[in-house]
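Trainee: Could you walk me through this model? I'd like to learn how to read its features.

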Amino acid sequence: MAVPTDVIPRRPTLLFIVVLSLLFFLMSVSSRTRYVGETRTMFERTVMTVFSPVPKFVNWVGGTLQDIHHGYVDMRRAVNENVDLRRKVGSLTSENLKLRQSASDLRRLRSLLAYSEQFDFETSMAQTIMLDTAGRFKSIIIDHGSADGVEVNDVVANANGLVGRVVLTTKDLAKVQLVTDNNCSVGSLVERTRRQGVVRGTGGSLVQMLDIPSLADLQPGDRILTAGIDGIYPKGIPIGAVVRSEPGQSLFKTITVKPAVDFGTIEEVIVIHTRKIPPQVVRYTP
Amino acid sequence: MRWLRFAVGLLLALTLHSLLDSFYPNALAFFNPYVILVIYYSMGGNVLGAIAAGVLAGFVQDAFSNAPFGLHAFSLTVCAYVVASINARLALRGALAFGACLGGAVVVNELVIYVLVNILMKQRIEMFEQALLVKTIFTLLFGMLVYQLLTLFLREEPIAATRSKTAW
């Protein structure tokens, strides 16, 4: 907007001098009051008040931007930290699993070792490398063979009980017939009553105990052990527990036994190198 | 319109002042945005308007600095008056003329402040010569940048927009 010509002073220099004088006076007052405690004049305070929204706004914007920046930086840091922590969690979880596995292995091996110490026979530890427990002919392959002293008819057990016997050996491997195999028979006895009988595989997951008279005392839950009378299995290895005992059609009971070993989970086994009965003695055995 | 532009410029200068004070407290030792604004306005040759612009801009600068209130108003008014008086007679135009006026105004501004503070108030300004040199260079650079931007975006020579219709 143009200043009207008639209101423009003719002598701006005079106006300039007046303005400068006023400013000088104002400055003098201001500099005097600065040293007596009152650091701001009323006029100065008014100018500050009028324009104060600008610095406030700038400060607010700056603060907000700083907050956003810090928030972003913190978030980035948190994200990186999170990624690192997740990596660590993964690594620790894996390590933990390995340690748990080792602890479990150790427990199992300790129990096997303690179990093997029950026998007078020489024993060796072997690892199962193949399991054929689903078919009718139940067997497993272990990683010890004739080179390790494993012979046919060596007994195989684990910490829970009887697994079976060795039926074939090679130099490095051995095939073990499980007690659940259809062709497997084990001389056995009832732990509580010492009644002897024969446990025979059925090809299923359970086995049967034969030759127990109908009048014999036998109850579900009774533990069945090897009797040590068949020339192969040493005495006292748990075979399983009676789950069903029914009077048979003849003089004997029909007894169903659940094996003590879960054959689906066999890992380490003990091979018990039993004393073999000489063939000539076997030949004359009735 | 001229006063509106001045008001906007004053708010921008104060914003810059606040911004630098908040984040780079020493930056205002290197350049003075208020001088740029006042000289830009005074190039129009309107002496009265230039005096008013100098007083207003100086008051704002004083209000938000720790200087005695009126110190910058005084020095800026002197600069504005000198530049406006010259332009009322010579009608200088172009970036070079603006730069020359701005450079001279920064020197005058600092000298006036030096005289007022050092001689009249008996206070000493440390490293005055170095500060004067640095402030002149940076204010000049920043002022030329602002001038070019305004010319570019307003599509006219900004000084023409502030030029009074009444010549002195």
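Trainee: In which hand, left or right, does α1(B) pass α2(B)?

Mentor: A crossing is left-handed if the near helix is turned anticlockwise from the far one by less than a right angle, and right-handed if clockwise. Here α1(B) crosses α2(B) in the right-handed sense. Before we go on, this is a predicted model, where local features need pLDDT of at least 70 and side-chain atom pairs count only at pLDDT 80 or more, while totals for chains, interfaces and linings use all residues. Residues are numbered from 1 along each chain as its sequence is written, with chains lettered from A and ligands numbered from 1 in the order in which they are written.

Trainee: At what angle do helix α1 and helix α2 of chain B pack?

Mentor: Two packed helices are described by the angle between their axes and the distance between the axes. Axes are lines fitted to C-alpha atoms, for helices over the stretch in contact, and angles run from 0 to 180 degrees between N-to-C directions. Helices (H or I, at least four residues) and strands (E, at least two) are DSSP runs, numbered from the N terminus. For α1 (residues 2–23) and α2 (residues 33–42) of chain B, the angle is about 165° and the axes are 9 Å apart. α1(B) is therefore roughly antiparallel to α2(B) (angles under 35 degrees count as roughly parallel, over 145 as roughly antiparallel, 65 to 115 as roughly perpendicular and the rest as oblique).

Trainee: Which residues make that contact?

Mentor: Two residues are in contact if their C-beta atoms, placed from the backbone, lie within 7 Å. From α1(B) come B:F6, B:G9, B:L10, B:A13, B:L16 and B:H17, and from α2(B) come B:P33, B:Y34, B:L37 and B:Y41.

Trainee: How many residues does each chain bring to the contact between chain A and chain B?

Mentor: Chain A brings 28 residues and chain B brings 32 residues. On the chain A side, α1(A) gives the most, with 11 residues.

Trainee: And the strands: in what order do they close into barrels in chain A?

Mentor: Two strands pair if DSSP finds at least two bridges between them. In chain A, β1 (residues 122–132) and β2 (residues 139–142) pair over four bridges, with A:T128 partnered by A:I142. Another six-stranded barrel, also antiparallel, closes in the order β6-β7-β8-β11-β10-β9. There, β9 (residues 223–226) and β10 (residues 238–247) of chain A are joined by three bridges, and A:L225 stands opposite A:P238.
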